[in-house]
Protein chains: 2
Amino acid sequence: MTELAISRRLRATPFTSRVEAAGVTAYTVYNHMLLPASFGDLEAECAHLKEHVQVWDVAAERQIEILGPDAWKLVQLMTPRDLGKAHIGQCFYIPLVDERGGMLNDPVMIKHAPDRYWVSIADSDVLYWAKGLAYGHRFQVEIFEPDVSPLAVQGPKSDELMSRVFGDAVRDIRFFRGEWLPFEGHDFYIARSGYSRQGGFEIYVDDSALGEPVWDALFAAGEDLNVKAGGPNLIERIEGGLLSYGNDMTRENTPYECGLGRFCDPWTSIGCVGRDSLIRAEADSPQRLVRGLRISGDRVPSCRVPWTIIGDGGEKIGTVTSAVWSPEFDTNVAIGMLDRGFWEPGRTVWVEAPDFTRPAEVTTLPFEKPTA
Amino acid sequence: MTELAISRRLRATPFTSRVEAAGVTAYTVYNHMLLPASFGDLEAECAHLKEHVQVWDVAAERQIEILGPDAWKLVQLMTPRDLGKAHIGQCFYIPLVDERGGMLNDPVMIKHAPDRYWVSIADSDVLYWAKGLAYGHRFQVEIFEPDVSPLAVQGPKSDELMSRVFGDAVRDIRFFRGEWLPFEGHDFYIARSGYSRQGGFEIYVDDSALGEPVWDALFAAGEDLNVKAGGPNLIERIEGGLLSYGNDMTRENTPYECGLGRFCDPWTSIGCVGRDSLIRAEADSPQRLVRGLRISGDRVPSCRVPWTIIGDGGEKIGTVTSAVWSPEFDTNVAIGMLDRGFWEPGRTVWVEAPDFTRPAEVTTLPFEKPTA
């Protein structure tokens, strides 16, 4: 139990006062900003998320706005995903890679206009990468972090709660699409998206002064829905196979190793940083691959550093990068990478957890729901 | 008191096991890594630092290595400071700015060879900026984060402790110079530098496996010197006027506003990103300037967001960005920025602290020692 020393450098969000009033007990730091990690009981929060509805301060998913005549050129340079068919208002999950094909971030891009994009980033300074590329290429483009703070509404009752605040139009929003909907005379971009498998929305609050009013409106409207404050839930996201940049993938990994090959079109896109490296990486087929693991025994300690996975002969065959006890699955669920030859589902491997070495079963992601 | 939820993404350091054994009570997160902020009593740690010697895990000062035929071209492109006279083994404090002259980081550069540099960074992903620039300019250069973790030895007894472990050669190292000195058959680059005003060294531990042995050797050698584990101390660094990137300066500030004009040579350097913006900023002279403030009253709360400074008429004239009670100075010491016309030392201004509005006196930095 170590305290977080908070200073201005770890930025507060437009919702922080409400998060603290709701009794946040743990933060993580993400994009130099406070991201609520727990309100006291991760397992109860996971169960609640699966049954009711939660409001999450995910302002730490900062937006990088790319604006100007060369905006599209820059965005397409940054990702191996072919964006040729992106529609206005659509969200696109786009791996970003460097010249060697190493993952730099895995944001969601939103196309607001042919010359205007938001890139909703994971935890690394994409602003610096975009600005460096643009400067070097003399692109005519502005790149900045606008005053936009996403607020997520997640869980099975999300449609009901959101429709009470923003009207029934939210129900018609398809997955990874968005609409501009009014709140007290101000239009917010609202997408059906979010970092859970329970369904829901992200409200892109593009005026800090409206952060508390939106939060309060959701809680006022959702009292009978048992709405609660929450945050990306470690248990639910591992069960659901949602990767976390910096945890489950780093610059050392290609998108293919991360199981993100379906978002890469190095042959057909107009050309991106790392194109040739990715073509080579695809031809070689990955040397390691992300997988789920069911780790035996009682609850594992918190996974703070990668845990080594060994084979029957004691040789290193991979690492575990996220792990937690899952009450619903009645086992420890984990995400890690396994070397070629060792990743087939059903195989038994050995995880050197900090307490003792435990057998584990390799699985695909997301984890399959236990049958009742 | 909020807990920090630690995951692999908040990277441990080669010294973390020792830091935890020493009883760390608070971390901050810096360059996606754990940085010890306190071991339980910030005021006692400040007093100890001024009298004895401390060992600090500052591995979070990550190194960006820039290597290759175009390395110098890239480094000089990134900073307005003229590096023409940099010697091998020398440390240079180099503001990094973007095309508008806004601060991106304020690292220390170490020149190891004409084609090899380490950039010891504050809290932002300089790696991404450097890689973006290099890609766009087609520079022939490798840019990566090597396995280098600085360990600081700070305090008046630093020379004595360091000489016991690394020999008397450390005593001859001049400020912001370094030497390669042996430890168990391995040479470390050791510089006279560090983020305090109490003197000391930074050992660039360039092999994680040697982290614990170096730490242990320092503590074994320093028992009679009352050596303790510590970290950058909020009280001491504010008293000493040491700015913190992300706290006291951001992309919104030019180096001139940060009082860093003496490190900028936009006219004479061979040309850098933001050159013309800086020439303009210098000509305009800054619209705001970093200053110290003595804030009246008993101890201020923790400064988590910028506090507004108002003038006699209630108009906003600046912000406080770091503040803490100083036992030695017997007042609250703070760092902030004041608008043109309001920054002369001795002026009384009003700080809207979270508890109540307090009078404060503007001062130069560092704070002048109280006379006994």
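**Entry 1. A pair across the chains.** I looked up A26(A) and found that its bridge partner in β1(B) is E3(B). I then noted that strand β2 (residues 26-30) of chain A and β1(B) run parallel and are joined by two bridges. For pairing I used the rule that DSSP finds at least two bridges between two strands. Strands (E, at least two residues) and helices (H or I, at least four) are DSSP runs numbered from the N terminus.

**Entry 2. Basis.** I worked from a predicted model, in which local features need pLDDT of at least 70 and side-chain atom pairs count only at pLDDT 80 or more, while totals for chains, interfaces and linings use all residues. Residues are numbered from 1 along each chain as its sequence is written, and chains are lettered from A and ligands numbered from 1 in the order in which they are written.

**Entry 3. The contact.** I recorded 44 residues from chain A and 45 residues from chain B in the contact (C-beta atoms, placed from the backbone, within 7 Å). On the side of chain B that touches chain A, β1 (3-4), β2 (26-30), β3 (33-38), α4 (126-137) and β19 (316-326) of chain B each supply at least two residues. With eight residues, α4(B) gives the most to that side.

**Entry 4. Strands within chain B.** I found that β13 (residues 178-183) and β14 (residues 186-191) of chain B pair in the antiparallel sense over six bridges. L181(B) has F188(B) as its bridge partner in β14(B). The two strands form a hairpin with two residues between them, and E184(B) in the turn has a positive phi of about 45°. I also noted that β14(B) pairs with β15 (residues 200-205) of chain B in the antiparallel sense over three bridges, where I190(B) has I203(B) as its bridge partner.

Note on methods
Contact = placed C-beta atoms within 7 Å.
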